[in-house]
Amino acid sequence: MTHALPNPAQPLKIGTRGSPLALWQAHETRRALMAAFSLPEAAFEIVVIKVTGDQILDKPLKEIGGKGLFTREIEEALLEGGIDIAVHSMKDMPTLQPEGLVLDCYLPREDVRDGFVSPRHGGLADLPQGAVVGSSSLRRRAQLALRRPDLKLVEFRGNVQTRMRKLDEGVAVATFLAMAGLNRLGMAHVARAAIAPEEMLPAVAQGAIGIERRVADARVEWMLSAIHHRETGIRLAAERAFLQRLDGSCETPIAGLAILDGENLWLRGEILRPDGTESISGARRGVISDAAALGRDLAEELLGRAPKDFFGWH
Ligand SMILES: NCc1[nH]cc(CCC(=O)O)c1CC(=O)O
């Protein structure tokens, strides 16, 4: 079935946060749709929406609390019809969407690795005993504490520019940023090294952009199917099923990464104690048609191996 395409008089409205990375992702989505349907830029309107997570910068996310700190206002606009699609970093997305919304369109995934960012040090192994490292990611803090219990961790929030300024000011000697974000912003040079997944397993869905829509919007469903990246969809199906079974949120140190090899899928996962005193990890291989089951099975295995008090906040 074909539908009427958006045009400059009736543009398709693309909702996004206002951070430089979010804006880049919205423009990338527009570029993909323009190319797929030979449409001019003016057939799309990028609508910037303020979200709670971007307003409060002086507190770690887990203290602000609640789910969807970066998504609630955007999803409300989508449900109310103020925008037609919403572009997200999949890493920040809860595993379940509100009633009436679907999130099943992904752009090709970027580099999944974390980058080691430091003005003076070349890598983790290079950090002196007791060095101060900045990160507000529960996962990165736990992984770091596990590997280097001697390091001192400080909270580090804000966009890339803010974090670079904090390094300049000497608040910390190193930090971590997703290579995906750095690459997209043309700032990969600030990373001294990209950390192999074997050394630091990335967050579920790291590096993937997802596009959310209303369930009943057949035209948008049809348009998004033209830009959906199948391989990314399969990998995220496995990773997000893993996360969902673990009931993961931004309060839970969980890492997971799926890799495709033809029709086969390889999923690795890790759960950690927030203080980094213990990590439980495992892997599964299977066929791509079983992606979600693979994720659930791996989560079950890790939960089964975890001592009762492992998730200390329960
Ligand atoms: N939690 C913030 C966030 N969400 C997505 C990215 C980077 C881009 C991506 O992974 O898609 C980042 C910043 C970071 O972790 O360095």
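Helices and strands are DSSP runs, numbered from the N terminus. In the predicted model, strand β8 (174–178) and helix α7 (179–184) each supply at least two residues of the shell around the ligand. The ligand is surrounded by Ser89, Lys91, Asp92, Leu177, Ala178, Ala180, Gly181, Gln206 and Gly207. By residue class, this shell comprises 3 nonpolar, 4 polar and 2 charged residues.

The chain is divided into domain 1 (12–107 + 208–228), domain 2 (114–195) and domain 3 (242–305). At least three residues of the ligand shell are drawn from each of domain 1 and domain 2. The centres of domain 1 and domain 3, taken over C-alpha atoms, are separated by 25 Å.

Nonpolar side chains tend to be buried together in soluble globular proteins. In the present model, the largest nonpolar core has 77 residues, and Ile85, Ala238 and Phe242 are those with the most contacts inside it. Helix α9 (residues 230–245) contributes the largest share of this core, with 6 residues. For Ala238, when neighbours within four places in sequence are left aside, the contacts are Ala258, Leu265, Leu267, Ala291, Ala292, Leu294 and Gly295.

The mean pLDDT of the chain is 94, with 95% of its residues reaching 70 or more. The scores of the model are ipTM 0.95 and pTM 0.94.

Definitions and conventions. Residues are numbered from 1 along each chain as its sequence is written. This is a predicted model: local features need pLDDT of at least 70, side-chain atom pairs count only at pLDDT 80 or more; totals for chains, interfaces and linings use all residues. A residue is near a molecule or strand if its C-beta atom, placed from the backbone, lies within 6 Å of it. Helices (H or I, at least four residues) and strands (E, at least two) are DSSP runs, numbered from the N terminus. Ala, Val, Leu, Ile, Met, Phe, Trp, Tyr, Cys and Pro count as nonpolar, Asp, Glu, Lys and Arg as charged, and the others, Gly among them, as polar. Domain bounds come from an automatic or database domain assignment. A nonpolar core is a set of buried Ala, Val, Leu, Ile, Met, Phe, Trp, Tyr and Cys residues joined through C-beta atoms within 7 Å. A residue is buried if 20 or more other C-beta atoms lie within 10 Å of its own, exposed if 12 or fewer, and partly exposed in between; C-beta atoms are placed from the backbone. Two residues are in contact if their C-beta atoms, placed from the backbone, lie within 7 Å. pLDDT is the predictor's confidence in each residue, from 0 to 100.
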